[in-house]
Amino acid sequence: MALNLQALLAPIYGEDPQTLQEQATRYQRGLEAFARIYGAGPVLVFRSPGRVNLIGEHTDYNHGFVMPMALDKDVLIFARPREDQQVNIANIEDRFGKRHFTISEEIPPKPIGDWANYLQGPAQLLEREHGPGLKGFDGLVDGAPPYGVPRGAGLSSSSALTVAAAVTLVGINQLALQGAALAEACGRAEWYVGTRGGIMDQFSAVLAKHGHALFLDCRPREGNEYYFKHVPIPAGYAVIVVDSGVRHKNTGPLFNRRVAEGRIGVRLLQKKFPGITHLRDVNDIPWEELEPLLPEVIHTDELLRLGIDPETILDQGVSPGTDTFYVRKRCRHVITENQRVLQSVSALEAGDMETFGRLLQEAHASARDDYEISTPEIEVLVELANQAPGTVGARLTGAGWGGCIVAVVQQDAVEAFVQSVLPEYNRRVGLQAKAFPCQSSAGAGQAFSTTI
Ligand code: GLA
């Protein structure tokens with residue numbers, strides 16, 4: 001029986017006929033490639049989307065608030081279950097080669113940037129926590145452009161692959177793991193590669209809903225439950241992602257340093273507020289009370305005198321890789337950003353786009369000045385975006401140090417936005433930016449199964 005791919009894909013990508021036709025062609029190409037590599041038989045198709053963060057940057061690992069939105073760009077895994085624990089995985093972009101590993105084998109990560117890490121991490125974690133004896137699979141990854149998540153652009157392509165691998169293993173082993181518990185496990189699975197990221201990307205991938213952003217409180221509640229809600233983007237407005245084309249290689253060490261600075265901030269604040277564990281706990285205390293406890297800059301020797309060892313501040317013995325910590329401004333960013341996220345949710349729910357736009361701009365200034373994660377190219381892009389007619393607000397998005405900006409723009413001004421921002425960016429910076437309106441797709445899971 002012929003597979004009606006468009007009907008199967010509509011719940012994921014929405015009803016737009018052209019989108020559905022393009023996606024159907026893409027899935028069909030994947031099925032054919034899979035058959036060429038592994039032969040005829042059953043195939044299960046899993047997917048997981050990337051995300052753009054609207055607001056709430058570097059707050060998640062401080063137990064704060066975030067508001068990401070899933071992209072309609074995703075990573076697919078075509079899989080055929082195996083009876084043993086072997087995972088064989090090819091990539092539709094041939095240049096990435098094939099990978100093989102055994103789920104039960106605790107092997108260290110491959111060098112940074114190797115895509116197989118994002119399969120090994122979840123496989124080993126799920127085997128530890130939901131095994132032993134999980135079944136492996138023969139698989140084909142499809143994250144190819146233009147439908148895949150752009151890589152290294154701050155749109156969580158790595159989390160999309162991690163979550164896609166996790167839902168594949170959950171699906172073929174019929175594990176009772178879903179929703180927040182699945183997302184939380186994926187967050188830890190990604191630590192395998194060495195970056196101490198938070199949980200935003202994996203939650204966004206798992207819990208996404210078409211047409212909505214996701215407000216998430218990153219503090220676990222009793223029973224490891226999380227509070228989240230889907231926030232609709234008001235009609236008449238578009239979310240545009242613009243990729244600056246700037247790539248900063250291996251931002252892991254810079255990222256870990258920021259995580260360490262927040263944790264050092266907590267340890268210093270504990271002298272006056274002994275009960276706190278994360279920056280989230282001081283959200284309601286006026287900044288004037290906190291500021292004197294947080295030095296602008298502090299060094300390892302001083303910290304050791306205070307009984308704080310920066311070398312043990314990160315989990316699993318990861319070193320922050322510096323002896324100079326900018327504690328005050330980093331904490332100020334996190335604390336004020338949390339407030340901006342809460343205000344943004346209220347503004348979006350009230351349809352108050354003026355306030356939302358102002359908050360986006362303030363978030364950008366804080367990320368640039370206090371968290372210091374912008375770049376000169378991103379500054380040009382944000383400035384141009386904010387000047388474009390119909391822009392509500394724009395800011396850098398994701399971990400920082402290059403990658404993308406996000407702009408919220410009046411729907412009827414999208415074309416004008418693209419026409420004015422892209423050529424001018426090229427003229428001033430010499431790089432080709434790419435813009436794409438973000439139609440959020442459904443969360444990660446099995447798309448369908450078939451026999452080829
Ligand atoms: C990366 C991390 C996330 C989050 C963002 C910054 O994407 O993986 O957990 O910390 O950076 O907001």
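This is a predicted model: local features need pLDDT of at least 70, side-chain atom pairs count only at pLDDT 80 or more; totals for chains, interfaces and linings use all residues.
1. The ligand's surroundings come first. Around the ligand sit Arg51, Glu57, His58, Asp60, Tyr61, Gly197, Gly198, Met200, Asp201, Phe255 and Ala399. Residues are numbered from 1 along each chain as its sequence is written, and side-chain values use heavy atoms, with hydrogens and water left out.

2. By class, this shell holds four nonpolar, three polar and four charged residues. Ala, Val, Leu, Ile, Met, Phe, Trp, Tyr, Cys and Pro count as nonpolar, Asp, Glu, Lys and Arg as charged, and the others, Gly among them, as polar.

3. Now the polar contacts (pairs of N or O atoms within 3.5 Å). A polar side-chain atom of Asp60 is 2.5 Å from a ligand oxygen. A polar backbone atom of His58 lies 2.7 Å from a ligand oxygen. For Arg51, a side-chain N or O atom is 2.9 Å from an oxygen of the ligand.

4. How much of the ligand's accessible area does the protein cover? On its own the ligand has 310 Å², and the protein covers 90% of this. Such areas come from the Shrake-Rupley method with a 1.4 Å probe.

5. Next, a helix pair. Two packed helices are described by the angle and the distance between their axes. The axes of α5 (residues 179–190) and α6 (residues 200–207) come within 8 Å and cross at roughly 140°. Axes are lines fitted to C-alpha atoms over the stretch in contact, with angles from 0 to 180 degrees between N-to-C directions. Helices are DSSP runs (H or I, at least four residues), numbered from the N terminus.

How values were computed: A residue is near a molecule or strand if one of its heavy atoms lies within 4 Å of it. A polar contact is a pair of N or O atoms within 3.5 Å; within protein, one must be able to donate a hydrogen and the other to accept it, and residues adjacent in sequence count only if both atoms are side-chain atoms. Helices (H or I, at least four residues) and strands (E, at least two) are DSSP runs, numbered from the N terminus.
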